[in-house]
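The report below describes a single model in terms of its ligand shell, its sheet and its backbone angles. Please read it alongside the sequence and coordinates.

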Amino acid sequence: MKIEKFTIDYYEEIVALWRKAGINVGSSDILEEINKMLQRNPDLFLIGKINNKIISVVIGGFDGRRGYVHHLAVDPDYQKKGYGKKIMDALIEKFRELRVHKIHLFIEKYNKNVVEFYQNLGWEIRDDLIMMSYIPDKELYKMRI
Ligand SMILES: CC(C)(COP(=O)(O)OP(=O)(O)OC[C@H]1O[C@@H](n2cnc3c(N)ncnc32)[C@H](O)[C@@H]1OP(=O)(O)O)[C@@H](O)C(=O)NCCC(=O)NCCS
């Protein structure tokens with residue numbers, strides 16, 4: 001698998017990949033929002049290709065203090081072959097180059113079987129935190145692709 005930076009030309013392909021892998025695509029995944037994320041994090045938004053077909057994707061984000069990982073997915077036809085680990089290793093290397101101190105990710109409870117995947121990669125569960133969210137504009141949040 002060859003790892004490359006994501007470019008917006010691949011937008012439709014990665015949305016299809018997220019859907020195929022069971023990722024919930026929402027208001028933050030419309031073209032404009034993905035483009036915004038890409039502009040802010042051009043080196044952290046990665047895809048993996050085999051024979052020119054995108055089979056993995058991950059969005060990395062850095063807010064100046066913490067790193068974040070969003071929407072990691074490997075095409076179900078290519079899972080359990082080491083590609084998830086490979087693209088995550090590449091992303092972690094990018095974070096390391098940026099000298100990011102700590103990286104977070106969120107796993108929805110319905111998907112808790114992936115916890116083990118991340119633990120394998122050295123991630124730790126936080127039981128000292130409660131995650132809270134706030135929606136400043138409910139109309140924006142309702143947008144669907
Ligand atoms: C999670 C996901 C990215 C893993 O990708 P993958 O290419 O199948 O993972 P890898 O083959 O690189 O696995 C690396 C290691 O983790 C293990 N692993 C992979 N998926 C696992 C799972 N669901 N549960 C437990 N272990 C898992 C592998 O066995 C492997 O272990 P090994 O090195 O001892 O052989 C992939 O299953 C996926 O796209 N899932 C659907 C989308 C998703 O849930 N994304 C995460 C959102 S938070």
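## Ligand shell

The ligand is surrounded by 20 residues, of which Gln79, Gly84, Lys85, Glu116 and Phe117 are the closest, where a residue is near a molecule or strand if its C-beta atom, placed from the backbone, lies within 6 Å of it. At least two residues of this shell come from each of strand 4 (67–74), helix 3 (83–97) and helix 4 (115–120); helices (H or I, at least four residues) and strands (E, at least two) are DSSP runs, numbered from the N terminus. By class, the shell residues comprise nine nonpolar, seven polar and four charged, with Ala, Val, Leu, Ile, Met, Phe, Trp, Tyr, Cys and Pro counted as nonpolar, Asp, Glu, Lys and Arg as charged, and the others, Gly among them, as polar.

## Basis of the model

This is a predicted model, in which local features need pLDDT of at least 70 and side-chain atom pairs count only at pLDDT 80 or more, while totals for chains, interfaces and linings use all residues. Residues are numbered from 1 along each chain as its sequence is written.

Five strands form an open sheet in the order 1-2-3-4-5, with mixed pairing, two strands being paired if DSSP finds at least two bridges between them. Strand 1 and strand 5 are the edge strands, each pairing on one side only. From one strand to the next the twist averages 25 degrees, with axes taken as lines fitted to C-alpha atoms, for helices over the stretch in contact, and angles running from 0 to 180 degrees between N-to-C directions. Helix 1 (residues 11–20) packs on the sheet, where it touches strand 2, strand 3 and strand 4, and its direction makes about 95 degrees with that of strand 3; contact requires the C-beta atoms of two residues, placed from the backbone, to lie within 7 Å.

Strand 1 (residues 2–5) pairs with strand 2 in the antiparallel sense over four bridges, and lysine 2 has lysine 49 of strand 2 as its bridge partner. Strand 2 is also joined to strand 3 by six bridges, again antiparallel, with lysine 49 opposite isoleucine 54 and glycine 48 partnered by serine 56.

## Positive phi angles

Strand 2 and strand 3 form a hairpin with two residues between them, and asparagine 51 in the turn has a positive phi of about 50 degrees. Asparagine 51 counts as exposed because it has 7 C-beta neighbours inside 10 Å, the classes being buried at 20 or more other C-beta atoms within 10 Å, exposed at 12 or fewer and partly exposed in between, with C-beta atoms placed from the backbone.

Arginine 99, in the loop between helix 3 and strand 5 (103–105), likewise has a positive phi, of about 60 degrees, although it is not a glycine. Arginine 99 counts as exposed because it has 6 C-beta neighbours inside 10 Å.
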